[in-house]
Amino acid sequence: MDHEDQLSVDNLSIWRGERCLCRDLSFRVSSGEALQVQGHNGAGKTTLIRVLTGLGRADAGEVRWRGQTLRRCADEYRGSLAYLGHNNGVKLGLSPRENIAVASALLAVPITSNVDAVLEKVGLRTHADLPCGMLSMGQRRRTALARLLLANVRLWFLDEPLASLDVAGVTLLTGMLKTHLTGGGIVVFATHQTMDLAPCPVKTVMLETSA
Amino acid sequence: MKFTALIERDLRLAYRRRGELATPVIFFVIVTALFPLALNPDPALLRTLAPGVIWVAALLAVLIGQDSLFKTDYEDGSLELMLLSPITLEWIVLLRVFTHWLVTGLPLVILSLLIALLLDYPMQAVGALILSLFLGTPILSFLGAVGASLTVGLRRGVMLLPILVLPLTVPVLIFGAAAAGRAAVGDPVAAPLYFLGAMLMLAITLAPFAIAAGLRISLES
């Protein structure tokens, strides 16, 4: 069981200043499952996702990947996750094509010849060589989404992935998530909109605001 | 290959916002040009002051340029991707600081030739001056980057950075100005240059760890 792709969280507590965002939170997400982090604005969804990626720090509890704590397997863990945060991580001075080249380098995957295929898939083929600063917010978001398709990583962390996407963009992303999940991947996401990922199993974790 | 892609990224971005990067260089030229105006424009006096003036101006110019090092990457989320990359963060920041020095520090070194002329610095000693800046400005870049990594998340980090870093730059200033000053009067310059070289080696090997740790702390919350 230990070697299976599984993200497990045990008794996680996160405090920010005087506020407790979560106390003794425990859950498991396994291969093929999605986890939706729920809670209203300011409940700590972003903070929780950042802790799960290893960017943020938890005050108590452990996050384990394949049975090992993140501290023990930090390098391996970073090699198996992709993160899409509030900020796109897209350089506005670079074109989508150049951004994808940088993203490939950072993911330590070769810049493959399928860049065009990836651009086609996220619908940026015709805008591939314009600086992202000239593109709309939705197109920048699509450039960021392209990152998810570059490497075959198991874990996707998506924080408000639907922000500024149009209807076609939402369909695109939903399709990407389903393909990823049926391929045995794991998705952890936070969104206020409804996302229909059926038939893939979606677990939820609710963050309550407590005093 | 992944490293060349990262260097290419920085150089390309630098080229596309070259106006912004020119600021420290222009600052360097203007500050050094102010001295003959404020002091007595007597060539003998300027000649004595030249090494110190050039070095202090270069130091401030490099530190001003370092503030922007991680700022845009922090704001647009690129820094998070660097931290989450399977590539060791220390390597990434080493490349980042190096390319940033190429576009902000190296022009200073080259322009100091012009300033040397302006301040009547003896031309036969100019090689030592250039060499001292060539060895010294990368050290300043690394020290500035340590400060930048700690202040990147702060809204008012601009003024905090020089205050944090300036005390640490003192040894570089002493040996750098000493090399340039000794060369001007014809004394041997090997000793201060060796010291600068040793400090540069220390900076290259140790600073990336401090910078990476600073970035991890800055992005934790």
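1. Phe175(B) counts as partly exposed, because its relative accessibility is 25%. Buried would need a value under 20%. Keep in mind that this is a predicted model.

2. What does Phe175(B) pair with? Its ring partner is Phe195(B), with the two centres 4.4 Å apart. The planes meet at 10°, so the pair is stacked; the cut-off for stacking is under 30 degrees. A search of the whole structure, over all chains, finds 4 aromatic pairs.

3. The Phe175(B)–Phe195(B) pair links distant parts of the chain. Phe175(B) belongs to helix 9 of chain B, residues 170-184. Phe195(B) belongs to helix 10 of chain B, residues 190-218.

4. Another ring in chain B has a charge over it. Arg18(B) lies over the face of Tyr15(B). The distance to the ring centre is 4.3 Å.

5. Now chain A. Where does His192(A) sit? It is in the loop between strand 8 (186-190) and strand 9 (202-206) of chain A. Its relative accessible area is 43%, so His192(A) is partly exposed.

6. Which residues does His192(A) touch, beyond its neighbours within four places in sequence? The contacts are Gly39(A), His40(A), Asn41(A), Lys45(A) and Glu160(A). Gly39(A) is 153 residues away along the chain. Even so, the C-alpha atoms of Gly39(A) and His192(A) are separated by 8.4 Å.

7. Two of these contacts are polar and run between side chains. The side chain of His192(A) reaches that of Lys45(A) at 3.4 Å. A polar contact with the side chain of Glu160(A) is also listed at 3.4 Å.

8. Chain A is assigned two domains. Domain 1 covers 1-80 + 154-211, and domain 2 covers 90-153. Taken over C-alpha atoms, the domain centres are separated by 23 Å.

9. The area buried between them is about 1,200 Å². Carbon and sulfur atoms give 65% of that area.

10. Which three residues of domain 1 of chain A supply more of its buried area than any other three? They are Trp156(A), Leu172(A) and Met176(A). Together they supply 40% of the area that domain 1 buries against domain 2.

Terms used:
Residues numbered from 1 in each chain as written. Chains lettered and ligands numbered in written order. Predicted model: local features only at pLDDT ≥ 70, side-chain atom pairs only at ≥ 80, totals over all residues. Heavy atoms only, no water. Phe/Tyr/Trp six-rings, centres within 6.5 Å; stacked < 30°, edge-to-face > 60°. Helix = DSSP H or I, 4+ residues; strand = E, 2+ residues; numbered from the N terminus. Buried < 20%, exposed > 50% of the residue type's maximum accessible area, 1.4 Å probe, protein only. Lys NZ or Arg CZ within 6 Å of the ring centre and 35° of its normal. Contact = heavy atoms within 4.5 Å. Polar contact = N/O pair within 3.5 Å; in protein donor to acceptor, adjacent residues only side chain to side chain. Domains from an automatic or database assignment. Buried area = accessible area lost by both parts, 1.4 Å probe.
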